[in-house]
Structure formats: structure tokens, C-alpha cells
Amino acid sequence: MQITKRNVELRVDDSLMRVYVASPKPAGVYPGILFYSDIYQLGDPIIRLANYLAGYGYVVAAPEIFHRLEPIGLAITPDDLGRMRGNDDARRTAIAEYDADCQAVIEFLKAESSVNPDKIGTLGFCIGGHLAFRAGFAQEIKASVCCYPTGIPSGKLGKGVADTIQRVSEIKGKMLLVLGTLDPHIPEHDRQVLIKAIEDAGIVHKVVLYSAEHTFMRDDGYRYDSVAATAAWAEIIDFLALAISH
């Protein structure tokens, strides 16, 4: 379906957080999705992914994850310097700040007249996959899609060590993990630790593996894999439809 696009501002800890919102154009009430970017924030490739998901009947809200450190509207260039910048922003952001941002977007979605407050999920890529995983701690989140989430077993997310892997049992919603077997940022050992933690916590989940590298769903990079990305989207759409749309 066709979509509408807008930017809203939320205040979190006295910092203005821009949130990009893509919504179905037809009037109605839809599930809401807290949508997390990778370290490069809301550049064109991430916006295209958010728009794509919105077209399937979701109100998608994507915050700028480094709003305390970067100018409003800044998309970090995905090159060597940009990677350093994004990783430094991540390192300088406190875990509690990420969590506060998460709750702020959830409250925004719950207050939207076009969103069913009982049907809220989350989806994220790379660091955003980790953030989507953590978002699952919130009782409002009925489904989490974590695409190649980094740093969960190690606790690498921001300032200090994230307690994500220790809190897996707090997740009550369903989960889809999208992973690349050629991804050096989430090696086999980390994948197994992550999957075992989810299984031990009794989370209803699905894991899909592709012979692909890190960020294989991002269409502007040399690691983009159109076949794997298309297959992953099919899994994501089916998963969300079953987990929160019906």
C-alpha cells in the first residue's frame, strides 16, 4: 500500500530526538513498529527499509539513536571515517539513555490514533538489532526482529557493559533472529550463545540463517545480497503478520 512520511520530535533527557515516521496512507488503525537503524543513523538505505515495512501495514517509527551527540537530521556516511564516528557515538551513549529513548518511542506509538497500542513490535539492524532485542524487555513489545544484532553476548552496546544477555528472561514477546553465517561481527560462538539464551528463556522464536555477510540487507554497500535480503524480508513480513498483526 502507499505510505505517508513525516518527522516528529520527542524530548528525551532534554535532548531533541528526531523520529522518522512512515505510515500506511489509507485511514485505519495499524500495528506500530519501533524501528532501529545501524550506526549510520537514518540515511537513505535505512529510510528505504522503513518505508518498505510501512507499506505492509505498519506505522514505523525510527529514532535517531545518537541524537544527544549528533546534529538533528545527520546521516553518518557509511565509509571508514563514518564507521569510526558511529562506533564512537555508540561508545559514548549510556545504556540507560538507549533505554529511555526506547520507552519514549513506545509511548509515542501508544499515543498515536493510527496505532493499535496492543500491537507494537520492534525491528533493528546491527547495533539496532541489539537495541530491538533490548526493546523486548518492555511489556508493550509483542514481537522483536533482530537483524544481525551485534554485541549481545559481550555486552558491547554503549558506555559500560550492557546487561542484555543476563536479562533475556524478561522478554515475553516473540522473536525472529536474522543472521549471516559469513558475518565476522557475530561469529558462530556468539550465535550459539545467543540462541541458547533465547531457548533457555522459553521465548517463542525463529532463527533464519543466510550465507551472507554483515549488513547484507543494506542496499548501498558491497556486502548487500539481494537474494538473501529478499528472503529475509519474506520471513520478517510473515513473522510480524503472525506475531502482532492478527
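Biologist: Where is the place of Y30?
Modeller: In this predicted model, Y30 belongs to strand β3, which covers residues 30-36.

Biologist: Is Y30 buried or exposed?
Modeller: Y30 has a relative accessibility of 13%, so Y30 counts as buried.

Biologist: And which residues does Y30 touch?
Modeller: Leaving aside residues up to four places away in sequence, Y30 touches M1, P24, G57, Y58, V59, S114, V115 and N116.

Biologist: What separates the C-alpha atoms of Y30 and D183?
Modeller: Those two C-alpha atoms are separated by 34 Å, and the residues are 153 apart along the chain.

Biologist: Turning to helix α2, how many residues has it?
Modeller: Helix α2 has 13 residues, 80-92. From the first C-alpha to the last, α2 reaches 18 Å, close to the 18 Å expected at 1.5 Å a residue.

Biologist: Which residues of α2 are buried?
Modeller: The buried ones are G82, G86, D89 and A90. Seen down the axis of α2, they fall within an arc of 100 degrees, so the buried residues line one face of the helix.

Biologist: What covers the buried residues of α2?
Modeller: The cover includes α3 (95-111) and α4 (127-135).

Biologist: Which exposed residues are on the face turned away from the buried side?
Modeller: That face of α2 carries L81, M84 and R91.

Biologist: What caps the N-terminal end of α2?
Modeller: D79 is the cap, with a side-chain oxygen 3.3 Å from the backbone nitrogen of L81.

Biologist: You mentioned α3 and α4. Where is D101 found?
Modeller: D101 is found in helix α3. With a relative accessible area of 5%, D101 is buried. D101 touches V12, M17, I65, H67 and R68, not counting residues up to four places away in sequence.

Biologist: And where is H130 found?
Modeller: H130 is part of helix α4. This histidine is buried, with a relative accessible area of 0%.

Biologist: With which side chain does H130 make a polar contact?
Modeller: The side chain of H130 makes a polar contact with the side chain of T164, at 2.7 Å. Beyond four places in sequence, H130 touches P149, T150, G151, I152, K156, L157, A162 and T164.

Biologist: Which residues have a positive phi without being glycine?
Modeller: D14 is one of them, with phi near 65 degrees, and C126 is another, at about 60 degrees.

Biologist: Where are D14 and C126?
Modeller: D14 lies in the loop between β1 (3-12) and β2 (15-24). The loop between β5 (115-125) and α4 holds C126.

Biologist: Is D14 buried or exposed, and what of C126?
Modeller: D14 counts as exposed, at 70% relative accessibility, whereas C126 is buried, with a relative accessible area of 11%.

Biologist: How many residues has the largest nonpolar core?
Modeller: The largest nonpolar core has 89 residues. Those with the most contacts inside it are F35, L53, V178, M217, I236 and L240. Helix α6 (residues 226-245) supplies the largest share of this core, 10 residues.

Biologist: Which residues does M217 touch?
Modeller: With residues up to four places away in sequence left out, M217 touches L49, F125, C147, Y148, V178, Y224, A229, A232, W233 and I236.

Biologist: Why is strand β7 largely enclosed by the rest of the structure?
Modeller: Strand β7 (residues 174-180) is largely enclosed because six of its seven residues are buried.

Biologist: In which sense do β6 and β7 pair?
Modeller: Strand β6 (residues 141-147) pairs with β7 in the parallel sense, over five bridges. In this pairing, A143 stands opposite K174 in β7.

Biologist: And over how many bridges do β7 and β8 pair?
Modeller: β7 and strand β8 (residues 205-210) pair over six bridges, in the parallel sense. L209 in β8 is the bridge partner of L179.

Biologist: Finally, why is helix α1 largely enclosed by the rest of the structure?
Modeller: Eight of the 11 residues of α1 (residues 44-54) are buried, so the helix is largely enclosed. The buried residues are P45, I46, I47, L49, A50, N51, L53 and A54.

Definitions and conventions:
Residues are numbered from 1 along each chain as its sequence is written. This is a predicted model: local features need pLDDT of at least 70, side-chain atom pairs count only at pLDDT 80 or more; totals for chains, interfaces and linings use all residues. Side-chain values use heavy atoms; hydrogens and water are left out. Helices (H or I, at least four residues) and strands (E, at least two) are DSSP runs, numbered from the N terminus. The expected span of a helix is 1.5 Å times one less than its number of residues. Buried means under 20% relative accessible area, exposed over 50%, partly exposed in between (1.4 Å probe, protein chains only). The arc is that of the directions from the helix axis to the C-beta atoms. Contact means heavy atoms within 4.5 Å. A polar contact is a pair of N or O atoms within 3.5 Å; within protein, one must be able to donate a hydrogen and the other to accept it, and residues adjacent in sequence count only if both atoms are side-chain atoms. A nonpolar core is a set of buried Ala, Val, Leu, Ile, Met, Phe, Trp, Tyr and Cys residues joined through side-chain atoms within 4.5 Å. Two strands pair if DSSP finds at least two bridges between them.
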